[in-house]
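The following exercises are to be worked with the sequence and the three-dimensional model at hand. Each task is followed by a solution in steps.

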Amino acid sequence: MPVIVLVGAQWGDEGKGKATDLLGDRLDYVVKFNGGNNAGHTVVIDGEKYALHLLPSGILSPGVVPVIGNGVVVDLNVLFQEIDGLEARGIDTSRLRISANAHVIASYNRTLDKVTERFLGSRRIGTTGRGIGPTYADKMNRVGIRVQDLFDESILRQKVTAALGFKNQVLSKIYNRTGAKVDDVVQELLSYVDRLRPYVADTALELSQAIDDGKVVLCEAGQATLLDVDHGTYPFVTSSNATSGGACTGAGIPPTRIDRVIAVLKAFTTRVGEGPFPTELHDKFGDYLREVGHEYGTTTGRPRRIGWLDLVIGRYAQRINGVTDFAMTKLDNYDGLDEIPVCVAYEVNGVRHDEMPVNQTDFHHALPIYETLPGWKQDISGCRKFEDLPQEAQDFVEFVEARIGARISIVGVGPGREAVIERHSVLGGV
């Protein structure tokens, strides 16, 4: 049975949660393999909206085992707030598994994230201030705290003491802030132990056994391709690997077990935070797409930056991730437009670039080259087969498909779980 990796093809907020939900009744495990509560999925089920920040969206599918992998950084307060919120709405969360090797966001990581971003001023990255970056930095510096450390108070205290020996110097001498107290940090983390214990497991082992047993496993990325710390628009990126390769390290699944890679591509482009954005709109069309698409951050509520669809980015995402299938979301957001510009290449200093420029300076100065397609000027939210779409909408999908290097297997035409056209099976008949 297949192991599928689901990634975002742009700067996030493409609708990965909806894609997971569409496949939900055919999945056995859904694994979040990177990021933390700095991003979110919004899933609409029977008119009910669920905003998830840390939990895998598979938590909403009965029978699916949701897994927080070792590549995730976990804010325990947020985790249990989300669990409590879902249980209050009748969602069973008892199936959740959390890797013992996942790193924990300590209070001092959140403090450092916020003060560092303010200190940077105009050079800020645009982080959410939730401690994600500092926690990943601790992981790489080998001074991080893992979930398993909470079950050994002596080890936990040693690690917190070691971390604060340096961090309190930074807080007090650079940022003029009061340092954190070891006892306060340790007691806060220990307060979660009893409730956390039933969820913790050797998730890499459990997933390996599940794959051997023929279970269907979906690895779900947080953030997206252009926010990947290695392959994104650095430094305006997240602190983890949000591309398909991150599923191997972040879930403990070897690359030889992965069968398919699905990339979710919004029919236009959005991003949150700082950084270059070649097709960004500052006009009535950007305002229109933001409002009709409700383009405000699931986690932060920040208005998203809006741009036309960028196929240079689409091709890049296909190449970096090895995409086998694209899922295009929010095609219906174009229902009211007469014409739809699509970026097919860039111009940089008079030179045409059909692929992503290799250096950041060129990407920052890239000017989009557009081809304009006709709109369809009708409501497509009721379409359930590709041939039900207006010819102009079909032509739009096929135009994009021909230029991004992989088939578009799923087309989203509305916010609900039923508002989807499945052109090709991405699960090989499962």
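## Exercise 1: Lys-139

Lys-139 counts as partly exposed because its relative accessibility is 26%; the class lies between buried (under 20% relative accessible area) and exposed (over 50%), with a 1.4 Å probe and protein chains only. The model is a predicted one, in which local features need pLDDT of at least 70 and side-chain atom pairs count only at pLDDT 80 or more, while totals for chains, interfaces and linings use all residues. Residues are numbered from 1 along each chain as its sequence is written, and side-chain values use heavy atoms, with hydrogens and water left out.

Task: State where Lys-139 is placed and which residues Lys-139 touches.

Step 1. Lys-139 belongs to helix H4, residues 132-141; helices (H or I, at least four residues) and strands (E, at least two) are DSSP runs numbered from the N terminus.

Step 2. Not counting residues up to four places away in sequence, Lys-139 touches Asn-70, Gly-71, His-103 and Gly-144, where contact means heavy atoms within 4.5 Å.

Step 3. In an unreviewed UniProt entry, the feature "active site" is placed at Asp-13, His-41 and Lys-139; such annotations may be inferred rather than shown by experiment.

## Exercise 2: Arg-304

Task: Determine whether Arg-304 is buried or exposed, and which side chain it joins in a polar contact.

Step 1. Arg-304 lies in the loop between H10 and E13.

Step 2. Its relative accessibility is 6%, so Arg-304 counts as buried. Gly-301, found in the loop between helix H10 (284-292) and strand E13 (305-307), counts as partly exposed because its value is 41%.

Step 3. The side chains of Arg-304 and Asp-13 are joined by a polar contact of 3.3 Å. A polar contact is a pair of N or O atoms within 3.5 Å; within protein, one must be able to donate a hydrogen and the other to accept it, and residues adjacent in sequence count only if both atoms are side-chain atoms.

Step 4. The unreviewed UniProt entry lists both Gly-301 and Arg-304 under "binding site".

## Exercise 3: Asp-325

Task: Identify the side chains with which Asp-325 makes polar contacts.

Step 1. Asp-325 is in strand E14, residues 325-329, and counts as buried because its relative accessibility is 0%.

Step 2. One partner is the side chain of Arg-260, at 2.9 Å; another is the side chain of Thr-324, at 2.8 Å.

Step 3. Beyond four places in sequence, the residues that Asp-325 touches include Val-261, Arg-407 and Val-426.
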